[in-house]
Amino acid sequence: MDIPPLAGKIAALSLSALPVSYALNHVSALSHPLWVALMSALILGLLFVAVYSLSHGEVSYDPLYAVFAVFAFTSVVDLIIALQEDSYVVGFMEFYTKEGEPYLRTAHGVFICYWDGTVHYLLYLAMAGAICRRKRYRNFGLYWLGSFAMSILVFLTGNILGKYSSEIRPAFFLTIPYLLVPCWAGMKVFSQPRALTRCTANMVQEEQRKRLLQRPADLALVIYLILAGFFTLFRGLVVLDCPTDACFVYIYQYEPYLRDPVAYPKVQMLMYMFYVLPFCGLAAYALTFPGCSWLPDWALVFAGAIGQAQFSHMGASMHLRTPFTYRVPEDTWGCFFVCNLLYALGPHLLAYRCLRWPAFFHQPPPSDPLALHKKQH
């Protein structure tokens, strides 16, 4: 997989978030939630016009260029918010976290801002750079799609259901387009042609003749997927208040963060149970039986989704913004960290295996009609 160059023009434009946020923080009129929402919408609109004017050729070639440019700007804003909430910087985005989206001050909000300001930011620059040079970025787009969709679905649902549901301000409705963008972007990314592979028909046939026991790496991944599936189901039952002793011990001694009234961890575990659990079963099937050409794409999507989710969940479980009673106990910290790290690492190994050795997932080559005719006669 080629790594596209970063877009310098978008990087420079996104860094304008620093002076803009600092200036807006000192405007006294932005102490009202409605003005915060209107000013935020105005800035994003002006930014979109600026991107379209400065990079009309790139936007015409691929409209997602404008989306990545605007989102790169918001990623810098999110990084500023995270650094501010952890007291690394002051005087930038206090007006927004107080009057715009106060739920960003939660531990979960801080860590999704860190992820958006680092991982998503680099992905935006890489994908925009690929568009500038007319190169492929499909794999990066699929990873971003899963990560972005998981982040926004858990965050918006947690805001509505959690203890911050009574503090929803007008700025909350600015996130509604974030629900529509992944749908449109996903269709654009999936419609792009796949990168060509060097797998010949003989290589595909030879690889697909091997049984699972002859492929130790795939066997290990299947075992991982089965264990991850059980772990996913177990944590889903835990947040659904399953009365068994195992669930009671786990939620109080290993992951008390699942009881936090902010609702983000509960929503996260339910997302896992309803979406990741079926994927584990389907992926295990695709690793066992050849020709499942859909797995490489969806493995990237789920790697991005689980990577983002586990980063936010693990970080929030131990962050100082989480009340002490809901943080991971010190005597079980090692078990918690290892289990959750392996849960995040496995999908990335699966995606790497699919991209690095894709022959097993190709559609079987059609039979030679001449050879078939000779065999029959």
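Predicted model: local features only at pLDDT ≥ 70, side-chain atom pairs only at ≥ 80, totals over all residues.
Local features need pLDDT of at least 70, side-chain atom pairs count only at pLDDT 80 or more, and totals for chains, interfaces and linings use all residues. Residues are numbered from 1 along each chain as its sequence is written, and side-chain values use heavy atoms, with hydrogens and water left out.

Let's start with the record: an unreviewed UniProt entry lists "transmembrane region" for stretches including 168–187 and 219–240; such annotations may be inferred rather than shown by experiment. In the model, residues 219–240 are 95% helix, with end C-alpha atoms 32 Å apart. Residues 168–187 are 55% helix, and their end C-alpha atoms lie 31 Å apart. Helices here are DSSP runs (H or I, at least four residues).

Now look inside. A cavity is a set of points on a 1 Å grid over the protein atoms alone where a 1.4 Å probe fits but cannot get out; a pocket is an open set with protein on both sides within 12 Å along at least five of seven lines, and lining residues have an atom within 4 Å of a point. The largest cavity has a volume of about 630 Å³. Thr74, Asp78, Tyr96, Glu101 and Tyr178 are the closest to its centre among 35 lining residues, and α5 gives the most, seven.

The second largest pocket, about 480 Å³, has 18 lining residues, with Leu145, Ala149, Met150, Leu153 and Val301 nearest its centre. Here α8 gives the most, with six residues.

Terms used:
Helix = DSSP H or I, 4+ residues; strand = E, 2+ residues; numbered from the N terminus. Points joined across faces, edges and corners; volume = space filled by probe spheres on them.
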